[in-house]
Amino acid sequence: MSTATARSHRSLPTASATAASTTSAPPPAPRPALDWRVRFALLSLVWGFSFLLIKVGTQAYAPFQVTLGRLLFGTAVLAVAMAVKRVKLPRGARTWGHLAVAAFFLNALPFSLFAYAELTIPSTLAGICNATSPLWGMALSLVALSEDRPTRRRVAGLGIGFIGVLTVLGAWQGFSGLDATGTAMALLASLSYPIGWIYVRRTLAGRSESHLSLTGAQLFLATLQLAVVTPLFTTWPTTFPVVPLLAVVALGALGTGLAVLIQYGIVAEVGPTTGQMVTYFIPVIATAAGVTLLGEALTWNIPVGALIVLAGAALTQSRPKTGAGRQP
C-alpha cells in the first residue's frame, strides 16, 4: 500500500541532488534519535497492522468513509510536518495535474479498493495480496520503462511469484472458499501502486521540490478526490462507534502520515533498496495480527503461498553484483 507511495518518489530529488554535488557540501544532517533498524521495525508494524485497522473501521463505516478518514488524518500529519519544517507546496498547474493522477493511483484508488475488499475477505489475505505489488511493478516496468530490461532472474522471480499467488488462492481446489470479487479488488489495489509509481517516474522525476512537499500535495489531492466521491455513494453515519473511529484515526495518522515520514527518513539514511525491504515484512505482520486479534482462519496454503510470493518479489528486485549500484 503506502510502501509504493514512498517508492514512487524515490527518484524525485535527482535534479537538486545533482546541483548540490557541484557546490560546497552541506553540513551533515543530525543523526535521528532512533536507530534506523528501530524505525524500520516500527514501520513494518504500522503498515502490517493497517489491514487490521481497515477491517475494524469497515465494521461501522462505509469503505469510502474509512478511506476519506484515512486520507484526512494522514494529510493532517504531513501538513503539521510541512509547517514545522517550513516546506512549501509545489507550484505550477502541470505539476498539480500530475500529482492529481498520482494521488488517484497511489492513494485514492488502492486505499478504497482495499477497504471494499475487506468487507468480504480476511485482512490476512488483503495483506498478502499487497505483497504482490513488486511483481506487478516488475511486469509493468518491463513494458513501460525502457531502462528496465528483462533478465532471467527477474522473469524467474515473476514466475515464482505467480505460483505463490495461485498457492495462496488455492488454485488446485478451484479457488473454493474465497470471495472472488474481494480478492480481485485487493489484487487490483496492489496493481494500482506500480501504475502510479511508473507514472510519477515518467512525469515528476527530477523535480526540485522535496519529498515532503510533493507527498503532502499528493495526499491533499487524494483527500479532495474522496471528499467528492464519498457523499455520492454513502450516507452520513448516524452513530460513531469509538473503536472503529479510533481505528480510522490510527490508520490515517499512523499508517499513512507518520509511516510516510518514517519511510522517507529510512530511505534517506540507508537507501531505497533497504527501505523497500519493509514490503516483505508487512504480510507476515498482517497475517499474525489478523489471526491473533481478529480470529481469522489460517489454512496451510496461505502462509506457504505468501512465502513463495515474497521469494519471487525479492528475486525481481535483486540485482547482479556487477550492477549493484544501479537503481531502477
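In what order do the elements of the protein chain run from the N terminus on? They run α-α-α-α-α-α-α-α-α-α-α-α-α-α. Colleagues, the model before you is predicted: local features need pLDDT of at least 70 and side-chain atom pairs count only at pLDDT 80 or more, while totals for chains, interfaces and linings use all residues. Residues are numbered from 1 along each chain as its sequence is written, and side-chain values use heavy atoms, with hydrogens and water left out.

Let me begin with the chain as a whole. The protein chain has 14 helices and 0 strands; these are DSSP runs numbered from the N terminus, helices being H or I of at least four residues and strands E of at least two. Of its 328 residues, 48% count as buried. Here, buried means under 20% relative accessible area, exposed means over 50%, and partly exposed lies in between, with a 1.4 Å probe and protein chains only. Among contacts between residues at least 6 apart in sequence, 91% join residues at least 24 apart, a contact being heavy atoms within 4.5 Å.

I turn now to helix α7, residues 133–144, and its two packing partners.

The axes of α7 and helix α8, residues 152–169, come within 10 Å and cross at roughly 140°. That makes α7 oblique to α8. Axes are lines fitted to C-alpha atoms, for helices over the stretch in contact, and angles run from 0 to 180 degrees between N-to-C directions. Angles under 35 degrees count as roughly parallel, over 145 as roughly antiparallel, 65 to 115 as roughly perpendicular, and the rest as oblique. The crossing of α7 and α8 is left-handed, a term for a near helix turned anticlockwise from the far one by less than a right angle; clockwise is right-handed. On the α7 side the contact includes Leu 135, Met 138 and Leu 142, and on the α8 side it includes Val 155, Leu 158 and Phe 162. By class, the residues of this contact divide into 7 nonpolar, 3 polar and 1 charged. Ala, Val, Leu, Ile, Met, Phe, Trp, Tyr, Cys and Pro count as nonpolar, Asp, Glu, Lys and Arg as charged, and the others, Gly among them, as polar.

With helix α9, residues 180–203, α7 packs at an angle of about 40°, the axes being 8 Å apart. These two helices are therefore also oblique to each other, but their crossing is right-handed. Trp 136 and Leu 140 are among the α7 residues that meet α9, where the partners include Leu 187, Tyr 193 and Trp 197.

Finally, the charged pairs. How many salt bridges does a search of the whole structure find? The search finds 3, each a side-chain nitrogen of Lys or Arg within 4 Å of a carboxyl oxygen of Asp or Glu.

Arg 39 and Glu 269 meet at 2.4 Å, N to O. This pair links distant parts of the chain, with Arg 39 in helix α3 and Glu 269 in helix α11, 230 residues apart. Arg 39 is buried at 10% relative accessible area, whereas Glu 269 is partly exposed at 35%.

Arg 37 and Asp 35 form another bridge, at 3.1 Å; Arg 37 is exposed at 52%, and Asp 35 is partly exposed at 33%.

In the remaining bridge, the closest N and O atoms of Arg 207 and Glu 209 are 2.7 Å apart. Arg 207 is partly exposed at 26%, and Glu 209 is buried at 15%.
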